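Visitor: Could you walk me through this structure, one step at a time?

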Amino acid sequence: MNIKARQSAISWSFIAIAVVMICVFYFYPMIQALMMSFQSGTGTNLSFTGFDNYVRLLSDSTFKTALTNTFIYLIVQVPIMIVLAMFISVLLNDKNLKLKGFFRTAIFLPAVTSLVAYSVIFKYLFGPDGLINLMLLKLHVISAPIQWITDPFWAKVTIIIAITWRWTGYNMIFYLSALQNIDNSIYEAARIDGASAFRQFTSITVPLLKPIILFTSITSTIGTLQLFDEVMNITKGGPGNATMTLSQYIYNLSFKYTPDFGYAATVSYAIVILIVIFSILQFKLAGDKNG
Amino acid sequence: MAKAKRVFTYVFLSAAAIVSIFPFLWMIVSATNRSIDVTQGKLLPGPYLFENLTKAFDTIDIVPALLNSAKISITTTLLAMLISSLAGYGFEIFRSRAKDVVFSILLLSMMIPFAALMVPLYRMFGGISQTMPFIGIDTMSSVILPTVVTAFLIFFFRQSTKMFPKDMLEAGRIDGLSELGVFFRIYVPTMKTTYAAAAIITFMSSWNNYLWPLVVLQSPEKRTIPLLISNLGSSYSPDYGVIMTVILIATLPTALVFFLMQKHFVAGMTGSVK
Amino acid sequence: MKKMIAALLAGMLMLTACGANDNAGTGTGNAGGNAGNGGAASKITVWAWDPNFNIKTMNLAKEAYAAENQNVQIDIIENAQNDIVQKLNTGLSSGTTKGLPNIVLIEDYRAQSFLQAYPDMFHPLTGSFKTEDFADYKLGPTSFNGEQYGLPFDSGVTGVYVRTDYLEQAGYSVEDMQDITWDQYIEIGKAVKEKTGKDWLSLDPNDLGILRVMIQSAGAWYLKEDGKTADLAGNAALKEAFETYKKMMDANIVKIHSDWSQFVANYNSGAAASVPTGNWFTPSITAAADQAGKWAIVPLPKLTNNPNSVHASNLGGSSWYVLNVDGKEEAAKFLAATLGSNVDLYQKLVTEIGAIGTYKPAAEGEAYKAASEFFGGQEIVQDFARWTAEIPNVNYGMHTYAIEDILIVEMQNYLNGKAIDQVLADAQKQADSQIK
């Protein structure tokens, strides 16, 4: 083998194992799911129905509600969380800050708290007689208890609060690790040049963090578009369908109702298409040459 | 001006910390109370922690579940670190049009909800069970294998590598190191914080993984902690004091792993970069 | 280079170590599905939920069986009900029988879905026990295509648990609540709220169990007789159930909860005064020991304007099924010998667990005649058993939960002012398009 071919072989060998494993454990099932999306029927009685399932999507009001909800979560929650996470990690990146370890651990703790635990806790906190209402009533911010979980509007708010509470610390970790990799001398030079903290943030930190910002933005988008755990455990999609997400609908179609795995697969692919579109948009916006 | 900023920083971070910790504290308080206290919303700690602990260890198999979760999570994390970082590094350092296309396709795998993959995956492992039962259904390997490599981690390592000074690698090559040598001797030690973050995330997601172990594990002695907790909450009359106690025990390892790893985020590690 | 090999080896070692451990375990793991040959030691696996109710029942059945049958090993595995549904669906649809249990508990509302979605995966129990010995209303859901598949288990027979002290404060007595209509129930509730400030009942807007109770008492269901077509638009019982629900909400006598533990807490804390629900709720009520002597159980109210409505209905309840995997004959034998015919076992179920079965001969036993101190000396088991016999038989069909989700949304619309006929018509349309 000549040098070029050898080098090429080595470079591909770095990624080989990973690629094979993803093909086996992701793409193979994904293709099977795609085939199922063209079938319909209960349980194992699946039969080929062509594009019927996809057509059904268009007139399915539950699907439309779930889609709308998922979008609302996406547009409201993801930007808030990313800005918050970035803000906190910049604050924490200060060499002279005391109690850094404590703050870091505290803010990350929600991500570590088991799902069962914090959904029970949120249900209590935000229940009609819960602490949040008690405090708000005491402070005279409201005059009657807010039905955080059983009112269609407030339930969505509760979910957004829950997700932000849980995942901000998680995203903070990524930013912290990236910030560590920025050489302090760059900031030193800027400060000597007279740049304010804000200027340093916008001209140095943000551009250097761009790869990580893109990363958290895309992964948060994917995470929110696939949102399932919080909705299943805190509001169960309720009241009615007010907080239902697409993933929960897929779960219901596969397990709660008489199983129609074919249609469930169709809804899944609707999500895939959405995610692909959003990701491409974000990549293009970031001007990243990954495509 | 600096003082105002300082005060604001502490106030803001403290508020964020309190909001973040409060539910966790409530969990600890509940673990010290009886079930009826918990359902009635008691906020103060009670004297029942020991009783809950004994009930938990007597009636439920916590220790085997903890061991199972530990074995699975540690193995997954180690393998994931190795395979994903090699790949992330490979995609970024040895960039090529072909590899970029492969990368984009790999990203697709993140975009499908797990619920859709579950049934085909289960079927696949069912097939594997016929010929290679030691990695088929109801084995630890069946839980580990699909979760080791994720496009998510590869993506993370790749993005982190973008900020890596490439000339350091050149220096290594000039010094006579092979590509793998460059990777292990120069890249890995420098990217400690990235590995720390990735390790925490992977360990945590593996530890808390619920749906897949639920479906692929059958024997009760192989159960992981999340499965155990789900069972506890499912009876017609659950004992909430005990449940909170078990959840507390289950959360400790991830909190511990985080605490151990987080000292790698110390400000100003400029030394090793030079 | 060395480091990588070391790391890779460590990884592989762990994987094989896990594998090796599992090999030792695979022996027993495999046997879950196979019960061995003929008379040699065989093994049966059972899946059920709830340690205090269903699992305990199986343990008692296992004890009863072990006396006569030494060489059968019975493994009882507990999982949450939703988890069982998930695992069962995944397993049954995958075409692999490895890992499936021999016996599984399935809720009656879901049974037809399983039986019809996975034909050939269930082993018929026809002939292994006497169906006429079991309450009528359990037989419909547990059979399919003329074959009996499920062994009926617990009775979800409903009654109304009521706080006698609050009742008295409002000027009513337990006698006033015997054989009443829902409208009368609401009137009493209003008085109780006025005189004591306590809400009359606690409801979860995401769970329309109370609707199911009302319509089954009139012999109706969400689906027509065929179990496949939605029966919403022209369903008189359903319409009245909706109207009754709205009357309750409008009368301001309902406390809202969104979680099972809140539901229980509302009664344990004395915030609500009555609960129309299944008899399996008894342990949750008796958990509040300080309320002993303050509760009674009265018959279910009937629908005011529906001539078919009786004072009996069902909420929940499940049955045992045998899967079509190796060991099915042993499993069927086990079930038939214990829960299919053992009267003593059923007495134990009452005394040790509080579980009321649907096995008619068992109602003659001693335990069924016992008086409950907590409920002021009332013979609650006798009452429940008597009401069980009156529960109308309905075909739960395939799509109960899917339809209920549609109704939950429409109920919100109805409470917000939409006309009832439009509500039901819209629900019917949606159900028809969704259910194929």
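Here is a short tour in questions and answers.

Guide: This is a predicted model, in which local features need pLDDT of at least 70, side-chain atom pairs count only at pLDDT 80 or more, and totals for chains, interfaces and linings use all residues. Residues are numbered from 1 along each chain as its sequence is written, while chains are lettered from A and ligands numbered from 1 in the order in which they are written.

Visitor: How far apart are the centres of domain 1 and domain 2 of chain C?

Guide: Domain bounds here come from an automatic or database domain assignment. Domain 1 of chain C covers 30–155 + 316–365, and domain 2 covers 158–313 + 387–434. Taken over C-alpha atoms, the separation of their centres is 30 Å.

Visitor: Which helix gives the largest share of the side of domain 1 of chain C that touches domain 2 of chain C?

Guide: Contact means that the C-beta atoms of two residues, placed from the backbone, lie within 7 Å; by that rule, 18 residues of domain 1 of chain C meet 17 residues of domain 2 of chain C. Helices (H or I, at least four residues) and strands (E, at least two) are DSSP runs, numbered from the N terminus. On the domain 1 side, helix H2 (50–66), helix H4 (108–117) and helix H5 (136–139) of chain C each supply at least two residues. The largest share, five residues, belongs to H4(C).

Visitor: And which helix of chain A gives the most to the side that touches chain C?

Guide: Here 24 residues of chain A are in contact with 25 residues of chain C. With three residues, the top contributor on the chain A side is helix H11 (residues 246–256) of chain A.

Visitor: What percentage of the residues in chain B are buried?

Guide: Chain B has 15 helices and zero strands, and its C-alpha trace spans about 70 × 70 × 30 Å along its principal axes. A residue is buried if 20 or more other C-beta atoms lie within 10 Å of its own, exposed if 12 or fewer, and partly exposed in between, with C-beta atoms placed from the backbone. Of the 274 residues in chain B, the buried share is 51%.
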